[in-house]
Amino acid sequence: MSNMLVHLPTDLYSPEQLSAVVIELRTYIGVLRDATVRARATKSEVSAPGHLSALLLGVFRGAGADSTDIEASEKLLKELEAIRDKAPAVHLMMAALPNRDLKRKFTDWFRASVHPYTLLTFATRADIGGGIVVQAGSHIYDYSFRQQILANRTRISEIYARVRQ
């Protein structure tokens, strides 16, 4: 990726969120250009136009960039597009969707242990019973209860026989 170091906020964890931030930043740059032209015409100071989402503000903070600087914003946009195109994506399947805190923990762990720009998607699968199934590229890592039960079928029948006695 390019020479600007971007630290993605923990709450920006999915490819969809990153795409939304890229679209928002692209729109914001256009509005910022218009505000700059207006400021030059009226010989006044450029003020930050409009409202920015918490995710985009977090991206600006994480990059150490000024949101009123057009060049920094354009550079940040290029970096985010590069991240979106090249970042590793991991799909996590669980019996129930995780809450916000658990999503943050997963995101922090993957970004510290796998890659700093890892993007995660979360889905539910009722057939796994519990645990997690991780899909990274074409590799699937099954840590579900279902897998453990199927791997120990004889043990399950022993437990069932004891319960019936």
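Predicted model: local features only at pLDDT ≥ 70, side-chain atom pairs only at ≥ 80, totals over all residues.

Me: Which residues have the most contacts inside the largest nonpolar core?

Reply: In soluble globular proteins, nonpolar side chains tend to be buried together. A nonpolar core is a set of buried Ala, Val, Leu, Ile, Met, Phe, Trp, Tyr and Cys residues joined through side-chain atoms within 4.5 Å; buried means under 20% relative accessible area, exposed over 50%, and partly exposed in between (1.4 Å probe, protein chains only). Here the largest core has 24 residues, and Val6, Leu25, Phe60, Leu76, Leu80 and Ile83 have the most contacts inside it. Two or more residues each come from α1 (15-42), α2 (54-63) and α3 (70-86); helices are DSSP runs (H or I, at least four residues) and strands likewise (E, at least two), numbered from the N terminus. Helix α1 gives the largest share, seven residues. Another core, of nine residues, lies apart and includes Tyr13, Met94, Phe110 and Leu120.

Me: Is threonine 118 buried or exposed?

Reply: Threonine 118 is buried, with a relative accessible area of 1%. It is found in the loop between α4 (100-113) and β2 (119-124). Its side chain reaches the backbone oxygen of histidine 115 at 2.8 Å.

Me: Where is phenylalanine 145 placed?

Reply: Phenylalanine 145 is in helix α5 (residues 145-151) and is partly exposed, at 44% relative accessible area.

Key:
Residues numbered from 1 in each chain as written. Heavy atoms only, no water. Polar contact = N/O pair within 3.5 Å; in protein donor to acceptor, adjacent residues only side chain to side chain.
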